[in-house]
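User: I have a structure to get through before class. Can you walk me through it?
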Amino acid sequence: MATNTAAGGTNLLKLWPWMAAPLVAIVLPFIFDSGHAINLLSHMGVAIIFALSYNMLLGNTGLLSFGHAVYYGLGAYVAMHVLRGINDAGGEGLPIELLPLTGAGAGLFFGIIFGTFSVRRAGVIFAMITLGLGALVHSSSLMFTDFFGGEAGLFGYRDEAPSLFGVDYAPRRNVYFLVVAWTLITAILIFLLRKTPLGWMANAVRDNPERAQFVGYDPTIVRFIQFTLSAAFAGLAGGLLVITDEIVNAEAVGALQSGAVLLGTFIGGIGYFIGPIVGGVLVTFLESSLSAYTEAWLLYFGLMFIAIVMFAPMGLVGIVHTQYLNWKADDWKGNTGARLYILFAGLAGIFGLICVIELSYHYFRSWDPSAPFPLMGVTVDATSALPWLVCFGITIIGFGLMLFHGNPMLKRKLGAKSDGGKA
Amino acid sequence: MLETIAYSIFNGVLYGTLLFMMSSGLTLIFGMMGVLNFAHASFYMLGAYFAYTFGLGTGFWVALFLSPIAVGAIGAMVERYGLRRVHQYGHVPELLFTFGLAYVIEELVALFWGTVPVPYKAPAALNTTAFTMFGLDYSWFKVFILLVAIAMFIGLWVLIKKTRAGLIIQGALSRPDMVGALGHNVPMVFTLVFAFGCALAGLGGVVGGIHFVTDPGMAFMMGPIVFVVVVLGGLGSVPGALVASLIIGILQTFFLSVDFSLAESIGTLGIEDSGFFGVLWHMEATRIAPVLPFLLLVLTLIFRPRGLFGKREV
Amino acid sequence: MLRNKKTGLFTGTVIGLFMAISSIAYAQEGPIRISYIEPLSGPFANVGDAGLKHFRFTAEKINEQGGILGRDIEIVAMDNKQSPSESVQLVQRSIDQGINFVTQGNGSNVAGAIVEAVDRNNRRNEDNKVLYLNYAAVDPALTNERCSFYHFRFDAASDIKLEALSNYMKAHDDDVDKIFLINMDYSHGQFISKRMKELVEEKGLDAEVVGDVLHPIGQVRDFSPYVSRIQQSGADTVVSGNWGNDLSLLVRAVDSAGVDVDIYTYYGGGLGTPAAVGPSGEDILYQVSEWHADVNVDEGLEEYEKWFQEFKQRYPEIDWYYHRIYNQMYMLKAAIEEVGDAEDIDAIARALEGMEFESPTGTVTMRAQDHQILQSMYISVMDTDAKYDADNSGVGFRTVAKIPVEQATVETSCNMRRP
C-alpha cells in the first residue's frame, strides 16, 4: 500500500500542489459564475472536508464506518441551532466565520460518546455498530422534533450574523471563499495529523493490531482518538453546510449521506491523501448534475462502485498513480501502444454499456418508447432492433478486445521484457 | 388485555417467522464466509418478483419452486464471478461489493418491473379464512407462511446436522483450511452455500412478497432488520436466527400494538415533555418501535458480539 | 502529484462545459417556462412522473388555445429525488436559467424548503424573482406561520380538508359514533391527529375518539397489530391521512381481517392506491378531495369530461386526477394576461391573490390574506360501478356529499410581508 512516503526534508518544490490548489480554487468562481455553479463548488468544498475526515477512519485506521453522517449531520444541527440563536438575538453573537467550529465541537462531543463503545472492536463489528447507530439516529430524528425540527428541518440566515472581517455573506461567492478557507485549513491539519506519531500508529493499528500492541500502544485508544478527531472534522463540514445551504434536515444524518461519503472516498482512493478530495468532488458533481442528464444515475453509481471495488480497489487516484509509477519505471517502453489500446477498448466498452443502459431506461421507463430518442447525439427508435444491436455490439467488442486481446498482448510484452527482450 | 396479548403474540410470531425465512440464509453465509452480504435482502426481493412473474404464467405453486431456484442460480453467479474475485482483497472490499450490488439490484428491479408495487397476491386457494380469533379473521395464507417457515427450519436442521453435506458445511464454518486439506473443494462449497442461502432468501420473498408489499424498496426496508436478527441470533446459528427472529417479531409487534408510554404507566414524575429524557419519557411505544431493532443491534454488539447462540465472532 | 492537477483540470473542464450549456439565457420572447421540481427517479418516481404528465398535458392544451400572451408554456422537469436540499439547488438552477415559476407539491418538507429558498432569493435578488405554485403540499403552516407572498397553494390545506370532513360528519352524526385515528408519524399525521380531536369537540359531534395512533412512515409492512387495536376499540370510523403503501396496506389489512369500519382518507384516490386496494375497498374507503372523475358525470361537465378522456387517450396507464393543476395553470394564465408581462413577478402575484376563477366545479377563490385557494370539496367512496375507474384498477369513486365552499373554509393567522 503506497500510502506514506517518508517525509524527507521540506523541499519547497514538493509543496507546489498546496500553492496551486488555492489559486485554482480562487479563480474558479469567476469562470463558473452562475449561482448554481458557485453553490456546487461550495458543496464540493464541504464534501472534500467530509471525505477527508472519513478517510482518517477508513484509509488511515482501517475502520469502515457506515454511519459517519451522524457526526456530519449532528454537527450541522448544532451549528444551525447556534445560528438561529444568533438570528434571534438580532444578529449578535458568534461571528459566522467561526460557526463551523461549533459543528466541530458537536462532532467531537458525539464522537466521544459514541466512540467509547464503537471502537472496541474493528472490522465488521465496528461497521455494523456504525450502521446500527446511523439508523438509530436517523430514526430518532422524527422523535425529537425540538432538536431536529421535524421532517421539514431547520432554517437559519447567514446574512443576519456578525462577521469577523466585515464581509456580507449574502452573495454566494463570499460564502464560497469562506468554504475554500476552511477546506484549506482542514486539509492542512489532516495532512499534518498523518505525519504525527498518532497518524503513524493509526496506520500500524490498521495493518497489524497485535503488533501495534507489542510496540506498546493500545489499538483501542489509538482508534478512539482517530475516531473522535474524524468525527470533529465531520462536524466541521456539517457546520459549513449550514452556512452554504442555510437549511438542515434529517437527510444530513441519513444512510444516503453516509453511503455517499463512503462511495466518494473509496472511488477516489483510500490509500492516498488526495483520494478523498478527488472522490468528494466527483461524487458531489455527479450527484448534482448526473441526474439532470439521465434517469439511470443511481445505477451508474452502483456499477461504478462495484467496478472500482472489483478491479481498482486503489481508487481512481490509485489507477493513475500505478500507471505513473509504471511509466517512471520504464515499464511503458514498448508497450505504450498496448496500454493505450486497452484504455480505448475499455472506453469503447463503457460507452457501449452506457448506450445499452440509456436505451433500456428509455424503453422500460418512458411513456412512449417508440418516440425518437436522442442517444449520444444520434436519434434512435428504442423499439427497433438496430440501436440495441449496435450498442450491445460496441459493448461486447470493446470489452472483448480489452480483455481477450489487449490484456494478453500487454502481458506478453511485459513478459518479453523480463525475459530480456525475447518476444 | 388478554386479546391484545393474544393478537400481539400471533402477529408477532407471524412476522418473526418471515424474518427467519429471510435471515436463515444470511446467517449461514455470514457464519461461513464472514461476509456481511448487504445484498441478501435484494435476493429476497428478487424471490418475490420472480415468483410474481413466473406465477403469471405457471400459477403460484410452480412459482413457489421455480423462484428460489432462479434466485439461487443468480446467487451462485454473483459468488463465482463477483465475490470470489473480491475475496482476495479482504473483508472490507467484500462488504463494499455487496453494498454496491444492493443498489444495482434495486435499480434493475425498478427498471424492469417499475417503481409501482406489483399486484402480487395470494393464490385464491389460500385466500379464505382459516379461523377467527377475537373477531379478527386469519387467512389460510398466514397458516401457510408458518408451515413454510417450519419446513424450512426442520429442513435446514436436518441438512446441517444429519447429512454429510451438512457435516462438510459445519466443518468449513469453523475450519475451512482443514476441510480444504482433506480434499474437499472449499471454494465450490462456498459457492453452493452462498447459492443455497440466496435461494432461502428467495423462498422468503415468495411468501413475504404477498404478505407485505412487492416493490423495489422492499430490500432496503427489510435489510437492516435482517442484520439485526443475524447478529442477535449469532452468526452461523440457524436456531439462533429462529429465536432472534421471534424475539424481534414479538417485541416489535408488542410495541406497535400496545398503547403505552413510560409516562402513562409509571406517571409523569414531573418530567416535562421536552428535552432528551423528557421526550423519551413521554414517548409512546408505537413511536419507538422503528428504532427498537437498531437499539438491539447496538446493544448486542457492545455486550455480546457473539449473539445468543453464535459459535464464533467475526 | 501530477494526478491532482490533471484530475482537477479534467473535472474543471467537464464542469465548465456543463455549466456553460446550462447558463444560456433564453430571450424574453421565448416560451414561458415553469420548473417542475419533483422526484423523477427513486421510489417516488411514479408520483413525480404522473404529475409531470398532468402539467405537460395542460400546457399543451393551453398552447393549442394560443398560449399565454401568445407565448407557449414549457414545463421544465427537474428531478429533486424527494430531497429538500436538492430542491433548493434546483430552485437556484431554475433562476440561473431565467425561469420565473416553480411548481411542486409532493412533500411538505420539500415545500417548506422551497418557500424558504424562494423568499430568500426574492429578498436578496430583486431582479430575478421567482414564484412558487404549490399544487399538493397540504401542511397548514405554509399558509399560516410560514406564509409567503411568493407562495400560492392550489390544494385544500389539511385543516380545510378536516373542516369539510367534520362538517360532513356533523350532518351524518348518527353514522359516526366511535372514531379511530391512525396516521403517519410526522407533521402531516400529527396535525390530523391533533386537529381531528379538536374538531370533534368544536363541532359538538356526537362521537368520541376511541383511538389515536401514529406509526412510522413507510416502515410498517404489516398493519394487523393496528387493525387489532381498531377492532378492540369498537370503532366504526377510521380517519387517516396516510398515503402510498401505508394507506393501501392499512386498507388491505382491515379488509383481510374482516373488520367493519368506514375509512376516511385524503389520498384514497391517489396514484397506486385504488390498484393496490382493489374491490376490497368498495363502500369502505372514502376520500376528501376537490374533484374526482365521476363528478363530471354527475354534474354534466361535458367539456371537462372530454378533457379527462383525452388525457386517458394520451396516457393510458393513469387517469386525470389533479384537478388543481387545471385550476393552477388557468389561474396563472389569467394573472399573467392581466398584468401583460410574464416577468413582473410582484405584479403577477398581486393579480393572483384575490382572484376568482370559474372552475368546472364552481367558483374558486385565491384568498389574498394567505394565498390559499378556497373551493368546494367532495366526499366520495370507492365504487366498482363508477363510470370511470381509477388507473385501470376496476374501482372508481361515487360522490357521497358535496361540501360547499363556506363549509370548507378555515381562518388563517397569516401576516405576510408584502413588497
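Analyst: What follows goes through a sheet, some helix pairs, the domains and the chain contacts of this predicted model.

User: Start with the sheet. What is the strand order in chain C?
Analyst: The order is S7-S6-S8-S9-S10-S14-S15 in chain C, an open sheet of 7 strands with mixed pairing.

User: Which strands stand at the edges?
Analyst: Strand S7 (208-215) and strand S15 (396-403) of chain C do. Each has a single partner strand, so one side of each is left without a neighbour in the sheet. From one strand to the next, the twist averages 25°.

User: What holds strands of a sheet together in general?
Analyst: Strands of a sheet pair through backbone hydrogen bonds, and the pairing is either parallel or antiparallel.

User: And S6 with S8 in chain C, parallel or antiparallel?
Analyst: Strand S6 (residues 178-184) and strand S8 (residues 237-240) of chain C run parallel and are joined by 3 bridges.

User: Which helices lie across S6, S7 and S8 of chain C?
Analyst: Helix H6 (residues 187-202) of chain C lies across S6, S7 and S8 of chain C and runs at about 160° to S6(C). Helix H7 (residues 224-233) of chain C also lies across S6, S7 and S8 of chain C, and its angle to S7(C) is about 170°.

User: OK, domains. What is the assignment for chain C?
Analyst: Domain 1 of chain C is 27-156 + 300-375, and domain 2 is 159-289 + 377-407. Taken over C-alpha atoms, the centres of domain 1 and domain 2 of chain C are 28 Å apart.

User: How many residues of those two domains are in contact?
Analyst: In chain C, 13 residues of domain 1 are in contact with 14 residues of domain 2. On the domain 1 side, helix H2 (residues 45-64) of chain C gives the most, with 3 residues. That side of domain 1 of chain C has 7 nonpolar, 3 polar and 3 charged residues.

User: What about the domains of chain A?
Analyst: Chain A is assigned domain 1 (16-298) and domain 2 (330-418). The centres of these domains of chain A, taken over C-alpha atoms, are separated by 37 Å.

User: Now helix packing. How are two packed helices described?
Analyst: By the angle between their axes and the distance between the axes.

User: Then how do H2 and H7 of chain A cross?
Analyst: The axes of helix H2 (residues 35-61) and helix H7 (residues 172-195) of chain A come within 9 Å and cross at roughly 15°. H2(A) and H7(A) are therefore roughly parallel to each other. The crossing of H2(A) with H7(A) is left-handed.

User: Which residues meet there?
Analyst: The residues of H2(A) include Leu41(A), Ile48(A), Ile49(A) and Leu52(A), and those of H7(A) include Tyr176(A), Val179(A), Trp182(A) and Ile190(A). The contact of H2(A) with H7(A) divides into 14 nonpolar, 7 polar and 3 charged residues.

User: And H11 with H13 in chain A?
Analyst: The axes of helix H11 (residues 255-268) of chain A and H13(A) come within 10 Å and cross at roughly 45°. That makes H11(A) oblique to H13(A). H11(A) passes H13(A) in a left-handed crossing.

User: Who makes that contact?
Analyst: Leu263(A), Phe266(A) and Ile267(A) of H11(A) make it with Phe301(A), Met304(A), Phe305(A) and Ile308(A) of H13(A). The contact of H11(A) with H13(A) has 7 nonpolar residues, no polar and no charged.

User: Last topic, chains. How many residues do chain A and chain B put into their contact?
Analyst: Chain A gives 33 residues and chain B gives 37 residues. On the chain A side, the elements that give two or more residues are helix H5 (123-140), helix H13 (297-311) and helix H15 (336-365) of chain A. H5(A) gives the most to this side, with 12 residues. The side of chain A that touches chain B divides into 24 nonpolar, 6 polar and 3 charged residues.

User: And chain C against chain A?
Analyst: There, 36 residues of chain C are in contact with 37 residues of chain A. Helix H1 (2-22), helix H3 (84-96) and helix H4 (108-124) of chain C are the elements that give two or more residues to the chain C side. H1(C) gives the most, with 11 residues. By class, the side of chain C that touches chain A has 12 nonpolar, 15 polar and 9 charged residues.

Technical notes
Residues are numbered from 1 along each chain as its sequence is written. Chains are lettered from A and ligands numbered from 1 in the order in which they are written. This is a predicted model: local features need pLDDT of at least 70, side-chain atom pairs count only at pLDDT 80 or more; totals for chains, interfaces and linings use all residues. Two strands pair if DSSP finds at least two bridges between them. Helices (H or I, at least four residues) and strands (E, at least two) are DSSP runs, numbered from the N terminus. Axes are lines fitted to C-alpha atoms, for helices over the stretch in contact, and angles run from 0 to 180 degrees between N-to-C directions. Two residues are in contact if their C-beta atoms, placed from the backbone, lie within 7 Å. Ala, Val, Leu, Ile, Met, Phe, Trp, Tyr, Cys and Pro count as nonpolar, Asp, Glu, Lys and Arg as charged, and the others, Gly among them, as polar. Domain bounds come from an automatic or database domain assignment. Angles under 35 degrees count as roughly parallel, over 145 as roughly antiparallel, 65 to 115 as roughly perpendicular and the rest as oblique. A crossing is left-handed if the near helix is turned anticlockwise from the far one by less than a right angle, and right-handed if clockwise.
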